[in-house]
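Biologist: I have the model open and would like to go through it with you piece by piece. Can we start with the overall layout and then move to the details?

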Amino acid sequence: MANPEFKQQVEKLISDNQVLLFMKGTPEAPRCGFSMRVVGVLDSMGVEYGSIDVLQALEPLREVTGEISDWQTFPQLYLNGELLGGADIVEEMYESGELAEQLGVEQPAEPAAQPEPGQAPPLQIDQS
């Protein structure tokens with residue numbers, strides 16, 4: 001059972017932010033590909049959103065979100081206090097236009113840019 005005080009803090013964050021993303025890392029520096037994908041979708045839509053780096057309290061947040069929304073994996077996107085889903089669901093909603101409709105924004109003409117899975121930046125070798 002989750003700490004009631006911590007659960008109350010999380011519930012307040014969810015209710016105080018119209019769009020809130022629980023993610024690994026930050027929007028500027030996502031720490032997993034799934035979080036990066038959701039950030040890419042939201043950024044392509046020009047949506048203002050709050051974010052929580054779950055890595056600071058991963059297990060307690062899993063416990064709390066499991067109780068709140070019956071969902072323990074991250075990322076998790078909330079809209080108006082309700083869980084929309086994780087990366088796959090957010091991408092499906094984006095592609096169908098449902099996400100833009102729920103967020104009250106126009107669907108971008110261009111699809112959200114997605115990084116290639118497992119692609120690392122080129123390595124540099126010093127040959128001097």
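Biologist: What pattern does the protein chain follow, read along the sequence?
Modeller: Along the sequence the protein chain follows α-β-β-β-α-β-α-β-β-α-α, which comes to 5 helices and 6 strands, where helices (H or I, at least four residues) and strands (E, at least two) are DSSP runs numbered from the N terminus. This is a predicted model, in which local features need pLDDT of at least 70 and side-chain atom pairs count only at pLDDT 80 or more, while totals for chains, interfaces and linings use all residues. Residues are numbered from 1 along each chain as its sequence is written, and side-chain values use heavy atoms, with hydrogens and water left out.

Biologist: OK, and what is the mean pLDDT of the chain?
Modeller: The mean pLDDT, the predictor's confidence in each residue on a scale from 0 to 100, is 86 for the protein chain, and 85% of its residues reach 70 or more. Over residues 115-124 the pLDDT is below 50, and beyond near neighbours in sequence this stretch has 1 contact in the model, a contact being heavy atoms within 4.5 Å.

Biologist: Let's turn to α2. Which of its residues are buried?
Modeller: The buried residues of α2 are Ser-35, Arg-37, Val-38, Val-39, Gly-40, Val-41 and Leu-42; buried means under 20% relative accessible area, exposed over 50%, and partly exposed in between, with a 1.4 Å probe and protein chains only. The helix itself covers residues 33-44, and its 12 residues reach 16 Å from the first C-alpha to the last, close to the 16 Å expected at 1.5 Å a residue, where the expected span is 1.5 Å times one less than the number of residues.

Biologist: And what covers those buried residues?
Modeller: The cover for the buried residues of α2 includes β1 (19-23), β3 (29-30), β5 (76-79), α4 (87-96) and α5 (98-103).

Biologist: Take Leu-42, then: what does it touch?
Modeller: Not counting residues up to four places away in sequence, Leu-42 touches Leu-21, Val-47, Tyr-49, Leu-77 and Leu-103. Leu-42 counts as buried because its relative accessible area is 0%. Leu-42 and Leu-103 are 61 residues apart in sequence, with their C-alpha atoms 9.9 Å apart in space.

Biologist: How many residues are in the largest nonpolar core?
Modeller: The largest nonpolar core has 20 residues, and those with the most contacts inside it are Val-19, Leu-21, Leu-42, Met-45, Leu-77, Leu-99 and Leu-103. A nonpolar core here is a set of buried Ala, Val, Leu, Ile, Met, Phe, Trp, Tyr and Cys residues joined through side-chain atoms within 4.5 Å. The elements that give two or more residues to this core are β1, α2, β5, α4 and α5. Apart from it lies another core, of 10 residues, among them Ile-14, Phe-22, Leu-61 and Val-64.

Biologist: Back to Ser-35 for a moment. Is it buried or exposed?
Modeller: Ser-35 counts as buried because its relative accessibility is 0%. A polar atom of the Ser-35 side chain lies 3.0 Å from the backbone nitrogen of Lys-24, which makes a polar contact (a pair of N or O atoms within 3.5 Å; within protein, one must be able to donate a hydrogen and the other to accept it, and residues adjacent in sequence count only if both atoms are side-chain atoms). Leaving aside neighbours within four places in sequence, Ser-35 is in contact with Met-23, Lys-24, Pro-30 and Pro-75.

Biologist: What about phi of Asn-80?
Modeller: Phi of Asn-80 is near 50 degrees, a positive value in a residue other than glycine. Asn-80 sits in the loop between β5 and β6 (82-85), and it counts as exposed because its relative accessible area is 53%.
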